[in-house]
Number of protein chains: 2
Amino acid sequence: MALSEFALIDRFFRDCGATRSDVPLGIGDDAAVLDVPPGKQLVAAIDTIVEGVHFPKGSAPASIGHRALAVNLSDLAAMGAEPAWALLSLTLPQADEQWLTEFSRGLGALARAHNVALVGGDTTSGPLSITIQVLGFIEPTRALRRAGGRAGDAVFVSGTPGDAAGGLALELSPSANDTPAHMALRERFLFPTPRLELGRLLLDFASACIDVSDGLLGDAGKLAQASGCGVQLDYAALPVSPGLVAAVGEHRARELALTGGDDYELCFTVSPSRIEDMLNAVPAGKWGYTRIGVLTADPRAAVIRDGSVMQVSHSGFDHFASPR
Amino acid sequence: MALSEFALIDRFFRDCGATRSDVPLGIGDDAAVLDVPPGKQLVAAIDTIVEGVHFPKGSAPASIGHRALAVNLSDLAAMGAEPAWALLSLTLPQADEQWLTEFSRGLGALARAHNVALVGGDTTSGPLSITIQVLGFIEPTRALRRAGGRAGDAVFVSGTPGDAAGGLALELSPSANDTPAHMALRERFLFPTPRLELGRLLLDFASACIDVSDGLLGDAGKLAQASGCGVQLDYAALPVSPGLVAAVGEHRARELALTGGDDYELCFTVSPSRIEDMLNAVPAGKWGYTRIGVLTADPRAAVIRDGSVMQVSHSGFDHFASPR
C-alpha cells in the first residue's frame, strides 16, 4: 500500500468513535494518552477476527467493523466492566474507500452507542484481519471472574444461543427467499449485541461470568473448570429462539445452542441464596436470561436430557469432557 | 486449529513476561484487570507485524517475538512513557511447538528486560500475523508529542539509522560469508532496541519526539508536520555506522539512513535554549544520539548537501514534500 493510502485510512478513523473528555491525546501520535478515573481498576481485552476464519470472505464491511468491536466489548461485559477506549489494528490487502466507509460506519456506530472512543490505531497491508483492544473500568476487586463459581451455583445464559450459528449457516448459503425469521438469525451473526448493561447489573449477584463466543457448552465448561467445578446443563431448559427452531428444527436448534459459536451472550453463575434477589432486581423477562443448569462438584461437563447424560458431537464438548 | 492447540498455545504465554504486583488478574479470563498507579496517565499503543510485509517468510521466531513487542515499546519510548503491560493477539496457520517456544522466548526476554507483564492474549488460526498492544504510564501532561516542535528547534536522532534496512537486505539474500559487520547489521533488523531509557530522559529536554519506524526522513517530516513546521536535515551530519558504509558504500548508507525503515530509533527536537543542558545531563556520547538538522518555518522537508537541496528517491519523501 502506498503511504498516501495509509493517510487516507487514518482519516476514516479519526472521528469514528465517541468523543470523550478523558482522552488528552488520541489518534495520530505514537501512542494515546488517557486519564483513568481515580479509584477504578483498568480492564483490558484484545481479540482478532480474520477473514475466512471468523467471518466469510466478502462479508458486509459494516458487519465486520461491528463484530470486531463487539467481540471485545463482550469480553468487558463478561467482567462487568464499563468500556471507555478502543485501539484498532487493521490489516487489509488494499485501501478500498467504499469498504472503509462502511467498515468505519459499523465500528463507529457501536462505539458511539457504548461511549467508546477510538484512541489509537495501526494500518498495515496484508490478508484482511482486524484486531481491536478495548479498555474499560471496574470498581476495585469487583470484576466478574470465571473462577468465582461454586458447586451448587445455578447457571444462567442471556439471549438465545445458537442463533448466530444458524445465521452464519444462512450467510454461507444465501437464498433469494429469505424469510424475516432468517434475516433475524443472520442479524444475530452479523451484528451481535455485547451485553454490557447486563454485565454491570450482574456485579451485585453473579459468582462467575464468561462470554459465550465458542459455544455455550464449551464456554460453560471453561467457567466451571476455572471455578474448580463441573457443570450440568439441562437440555430442555436451553433457550432456543422460535426462529431458529423454524429454520433448523427443534433438535438441531438445541445442538446449535450448545455448540454453535459467535453468540456473544453471557453465561453466569449465581449462588442459590442470591437468585431471588437477582430475579427481583434484574428481571429475567426484561433482561432476557434463562436458568439452564448447575455447577457440580463432579468436574465433568454434561448435558442432561430426560434424566440421562447426552452425548454432544462437537469438539467443544471433547475439550473438557475428561476430568482434569 | 483444534481447541487443544489453543490450550497448548496459552501455556506458552502464561509466564512469558515479567511478574508485576499491579496485575490482579492476568491471562486466562475474559479480560485482564490492572491497577494504574494513582497520579499517572495511561499511555497505549498498538502495532501489528505481518509475515511477508514486516518480516520475511521463515524469519527466526525469536526475532518475530522480539520485534512484535519492540515496535510497540518504541512507540512508548517516543512518548517518554514507562511500559507496564502488554496484550498479545497471535494469528498463526498451525501450532508448531518449536516455533512457539522460540517465539515466546524472544518476546519474553524483551518483556522481562523492561519489566513488562503479558496480561492478556488471543490466539486464532490464519496467516501469520502478530498484534501487540502495550500500556504504560506517564506523569500527567508530560508525554512527548509529535506536535511540540517549533521552527528553530534542533533535530536529533538516536543510534545509526539505516542499519536495520541494511540488515534486512542481508536477511533477504543470505550469504555463507557473513562478516561480523554483516551480522551486526542483521541484528539491528532482527532485534531492534526500543529506546525507553532515552525517551524517559528526554522528558526534561525534548520539545517533540517520534519513533523512526518508516524511515528517518519520512518520520522527521511527520513530526515537523504535526508541529506546523518543515524540517531540514543535514546530509553530512547523518550518523551512519561504519558497518553499513562497509556493506553498501557511503552514499547508499546515507540514503538508507534517510529512507530505510525498521530502525526504532528516536527522532526528537530540542529548543536551542535547552540543548546545552541536555548535552550535560544526557551526554550524546553515552546515549548515542546526533544532531542532524533543524525545524523550519518553511513547511517543506528537505535534505541539504553541500549547501543545496537534495532529491531523495523514496516515497517517504514524496509523502510530505509538498506544502500542506
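Reader: Over which residues of chain A does pLDDT stay under 50?

Author: This is a predicted model, and in chain A the pLDDT stays under 50 over residues 314-324, for which the model has 23 contacts beyond four places in sequence. Where pLDDT is low, the predicted coordinates should not be read in detail.

Reader: And what does chain A average in pLDDT?

Author: Chain A averages a pLDDT of 92, and 94% of its residues score at least 70. For the complex, the predictor gives an ipTM of 0.92 together with a pTM of 0.93.

Reader: OK, on to the interface: how many residues of chain A are in contact with chain B?

Author: On the chain A side 54 residues are in contact with 54 residues of chain B, and the area buried between the two chains is about 4,100 Å², with carbon and sulfur atoms giving 59% of that area.

Reader: How many salt bridges and polar contacts are there between chain A and chain B?

Author: Between chain A and chain B there are four salt bridges, one of them joining the side chains of Arg146(B) and Asp30(A) at 3.2 Å, N to O. Polar contacts between the two chains come to 20 residue pairs, counting pairs with both residues at pLDDT 80 or more.

Reader: Which element of chain A gives the most to the side that touches chain B?

Author: That is strand 2 (residues 41-50) of chain A, with nine residues. By class, the side of chain A that touches chain B holds 30 nonpolar, 15 polar and nine charged residues.

Reader: Which strand of chain B does strand 1 of chain A pair with?

Author: Strand 1 (residues 32-34) of chain A pairs with strand 2 (residues 41-50) of chain B, in the antiparallel sense and over three bridges. Within that pairing, Ala32(A) stands opposite Ala44(B).

Reader: Changing topic, how many salt bridges are there over all chains?

Author: A search of the whole structure finds 36, including one between Arg186(A) and Glu171(A), whose closest N and O atoms are 2.7 Å apart. That pair links distant parts of the chain, since Arg186(A) sits in helix 5 (residues 180-190) and Glu171(A) in helix 4 (residues 163-172), 15 residues apart.

How values were computed: Residues are numbered from 1 along each chain as its sequence is written. Chains are lettered from A and ligands numbered from 1 in the order in which they are written. Side-chain values use heavy atoms; hydrogens and water are left out. pLDDT is the predictor's confidence in each residue, from 0 to 100. Contact means heavy atoms within 4.5 Å. Buried area is the accessible area (1.4 Å probe) that two parts lose on being put together, summed over both. A polar contact is a pair of N or O atoms within 3.5 Å; within protein, one must be able to donate a hydrogen and the other to accept it, and residues adjacent in sequence count only if both atoms are side-chain atoms. Helices (H or I, at least four residues) and strands (E, at least two) are DSSP runs, numbered from the N terminus. Ala, Val, Leu, Ile, Met, Phe, Trp, Tyr, Cys and Pro count as nonpolar, Asp, Glu, Lys and Arg as charged, and the others, Gly among them, as polar. Two strands pair if DSSP finds at least two bridges between them.
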